[in-house]
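Visitor: Please show me how to read the features of a structure I have not seen before.
Guide: Have a look at the structure, and then ask.

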Amino acid sequence: MEIRELVKRYGRKTAVDGLKLTCRTGEVTAILGPNGAGKTSTIEICEGFRRPDGGTVRVLGLDPADPALKPRLGVMLQAGGVPPAVRAGEWLRVVARFYAHPLDPDALLALLGLTEHARTPYRRLSGGQQQRLSLAAAVIGRPELVFLDEPTAGLDPQARHACWDVVTGLRDAGVSVVLTTHQMDEAEKLSDHVVVIDHGRVVAEGTPRELTGAERQLRFRARPGLDVDQLLGALPPGSAAKESPSGHYIIEGQVGPQMLATVTAWCAAESVTTEDLRIERRTLEDVFLELTGRELR
Amino acid sequence: MTGATPVSVHAIDFSPRPGAAPLPRMVLAQAGAEIRAMLRNGEQLVLTLIIPVLLLVAFSLAPLIDIGGGSRVAFIAPGVLALAVMSTAFTGQAIGTGFERRYGVLKRLGATPLSRAGLLLAKTAAVVAVEILQVIVIGMVAITLGWSPQGDPLWVVLLILFGTAAFSGLGLLMAGTLRAEATLAAGNLVYLVLLGLGGVLFPIEKFPAGVQHVVGLLPITALSDGLRGVLTNGAGLPATQLLVLAGWAAVTLGLAARTFRWE
Ligand SMILES: Nc1ncnc2c1ncn2[C@@H]1O[C@H](COP(=O)(O)OP(=O)(O)OP(=O)(O)O)[C@@H](O)[C@H]1O
Ligand SMILES: [Mg+2]
C-alpha cells in the first residue's frame with residue numbers, strides 16, 4: 001500500500017496534510033498519533049470510504065474505489081457497522097456468505113470467546129464483545145490486507161491478547177495488517193513498522209527498535225520533588241536527569257554500573273527509598289510523547 | 001473473556017484466499033438477513049401486519065364509514081392491501097435503511113464484495129417476500145370475513161410491483177438524505193397522512209372535486225384505487241394507476257440514486 005502527498009480537508013480543517021506512507025506486504029504496520037491526528041481519515045481513504053482532496057493512494061496496486069479490491073480487504077471500523085438487533089453469530093454467517101472461501105464463523109467465534117454470545121443481539125454485547133465481533137468480521141473473508149482501526153480499544157487484557165494472537169496469526173499467514181492504536185506497548189509488540197502521525201503528517205517512522213533507539217536509561221520511582229539538579233551534580237558531565245511524570249525519574253548519559261552506584265549512593269545520602277530501579281531502553285511511549293508533546297488534543 | 005472451548009489461533013488458517021461469492025449467493029444471504037430483521041422488529045410488525053389486519057377486521061365488521069352500498073369487506077380489503085404495501089416498502093424500509101445508515105451498517109457493507117446494486121436487489125427481494133406474507137395473511141382474514149376477490153391476478157401483481165417501486169423510491173429518498181430520527185418521524189407521519197387521504201379506508205369520492213384530482217395523483221391512491229378496481233369490480237388493465245405509480249417510481253428512484261448518502 002502506498003500513500004503519497006495525501007490531503008484530506010473537512011470544510012476549512014485540513015485533517016491530512018501531505019501524508020506519505022508505504023506499508024509493505026506481509027508486515028504489520030501500526031499507525032500511532034494523538035486523537036484527531038488523522039489516522040481514521042487516512043485509513044478510511046485507503047478503504048475507499050472517503051475521497052482524498054489531493055495526493056495518490058494505491059492499495060494492493062489499485063485505486064481504493066476499485067470494486068476488485070473489496071474481496072481482498074478486511075475492514076474493522078473504529079466504531080459501529082453492525083445492525084443493533086442482529087445476533088452475533090448470524091452477522092458473522094451473513095458476512096461469510098459474501099466471500100468465496102470464508103473462514104468458519106463458529107471457529108472465529110470460539111477463538112474470540114464469543115461462542116456463548118452467538119445468539120445475543122449486537123446491542124446487548126458489551127463494548128469489548130462488539131469490538132471482537134467486528135474483528136472477526138474483518139478477517140472472515142480471508143483477505144490479503146486487513147485494516148484495523150483501534151482494534152483493542154476497550155478490550156480487557158484477555159481479549160487484548162486474543163486480538164494480538166489474531167494479528168500475529170494473520171502476519172504469520174502472510175496477511176498484511178495496518179492498525180491504529182493508542183497502546184504503545186501494543187505497537188511495540190505487534191508491529192514491524194511504526195508510523196507516528198500528528199496534524200495529518202508523518203512525524204516519525206521505522207521499526208519499533210529504530211524509533212526507541214539503542215540508548216538506555218536509568219529509571220526509578222521515588223517521592224516526588226527530589227532535587228534532580230543536585231543529583232545531576234553528582235553525575236559525570238553529559239548526563240541528563242528529569243522527573244517525568246511526577247515521582248518518576250529518568251537519567252540518561254553513560255548508563256552503566258558506575259551511574260547505578262552514583263545514583264544509589266546519592267539516594268542513600270538523601271534517605272530516598274527508590275522503587276522500580278532499572279536500566280532499560282527508552283519506550284515507544286517516551287518517543288511518542290517527545291514527538292507529539294503533552295498537550296491534549 | 002469467557003469461552004467454553006478455548007480455540008488456538010493456530011487452528012485457523014488465515015492465509016489469504018480472497019474472492020467474492022457469486023452474486024446470487026450474496027443477495028440471498030443479505031435478503032435473508034433483511035427479512036429476519038423485519039420480522040423480528042416488533043414496531044415494524046405492528047405497522048406491517050397488526051394495524052392492517054385490525055383495520056380490515058374493524059372496518060369490515062362495523063359500519064364505521066359510509067362506502068355507498070355494497071360489501072364493506074370488498075371495499076376495505078384492497079385498501080388494506082395497498083396500506084400493507086406502503087407500510088413495508090415505504091415506512092419500514094425508510095426507517096430501517098435510515099438507521100442502517102446511522103449505525104454505519106451501509107458503510108460496513110460497502111467494504112464487502114456485496115455491491116450497492118446487490119444490496120438494493122436484496123432489499124427489494126426482502127420487501128417483496130414480506131409483502132407476499134402480508135398478502136397471504138390479509139387475504140385469508142378477508143376471505144374469512146366473506147371477501148370474494150374478482151379480476152385478473154396479473155393486474156394485482158403488476159400494481160403491487162409498481163407500487164413497491166414507487167414507495168421504495170420514496171423511502172430510500174428519505175433514508176438517504178434525512179437524519180435517522182427525522183426519517184423515523186417523517187416515515188410515520190407520511191404513513192398516517194396517506195392512510196387518511198389515499199382512499200385506503202375512506203372513499204375519495206367524498207372529497208371535493210379539486211382535492212380528488214390532487215389526491216388521485218398520490219401513490220397510495222393510485223394503488224388502492226387500482227387494486228379496488230380490479231379486485232372489487234373486476235376491471236381490466238389499470239393503465240392510469242400503473243402510469244401514476246411508474247411516474248412516482250421513476251422520479252423518486254432517480255432522485256434517490258442521485259442524493260443517497262451512504263454515511
Ligand atoms: N467527517 C468529518 N467531518 C468533519 N471533520 C472531521 C470528520 N472526520 C474527521 N474530522 C476531523 O479531522 C481530524 C482527524 O480526524 P480522524 O478521525 O482522522 O482522527 P484520528 O487520528 O483517527 O483520531 P482518534 O485517535 O481520536 O480516532 C479531526 O480533527 C476531526 O475533528
Ligand atoms: Mg480514529
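Predicted model: local features only at pLDDT ≥ 70, side-chain atom pairs only at ≥ 80, totals over all residues.

Visitor: Which residues coordinate the magnesium ion (ligand 2)?
Guide: Donors are N, O and S atoms within 2.8 Å of the metal (3.2 Å for Na, K and Ca); water is not among the atoms, so sites may look incomplete. Here the magnesium ion is held by OG1 of Thr40(A) and OE1 of Gln78(A), at 1.8 to 2.2 Å. Thr40(A) lies in helix α1 (residues 39-46) of chain A and Gln78(A) in the loop between β5 (73-76) and α2 (88-96), so the pair ties together parts 38 residues apart in sequence. Helices (H or I, at least four residues) and strands (E, at least two) are DSSP runs, numbered from the N terminus.

Visitor: Is Thr40(A) buried or exposed?
Guide: Buried means under 20% relative accessible area, exposed over 50%, partly exposed in between (1.4 Å probe, protein chains only). Thr40(A), at 18%, is buried, while Gln78(A), at 34%, is partly exposed.

Visitor: How is the size of an interface given?
Guide: Often as the accessible area lost when the parts come together. Buried area is that loss (1.4 Å probe), summed over both parts. For chain A and chain B the value is about 3900 Å², 62% of it on carbon and sulfur atoms.

Visitor: How many salt bridges are there between chain A and chain B?
Guide: A salt bridge is a side-chain nitrogen of Lys or Arg within 4 Å of a carboxyl oxygen of Asp or Glu. The count is four. One of them joins Arg36(B) to Glu90(A), with the closest N and O atoms 2.8 Å apart. On the side of chain A that touches chain B, α5(A) gives the largest share, seven residues.

Visitor: What is in contact with Lys107(B)?
Guide: Contact means heavy atoms within 4.5 Å. Leaving aside neighbours within four places in sequence, the contacts of Lys107(B) include Glu44(A), Phe49(A) and Trp262(B). Lys107(B) lies in helix α4 (residues 105-109) of chain B and is buried, at 13%.

Visitor: What does UniProt list for residues 43-263 of chain B?
Guide: The unreviewed entry lists "domain: ABC transmembrane type-2". UniProt positions are given in the numbering used here, feature names are shortened, and annotations may be inferred rather than shown by experiment. In the model, this span is 77% helix and 0% strand.

Terms used:
Residues numbered from 1 in each chain as written. Chains lettered and ligands numbered in written order. Heavy atoms only, no water. Buried area = accessible area lost by both parts, 1.4 Å probe.
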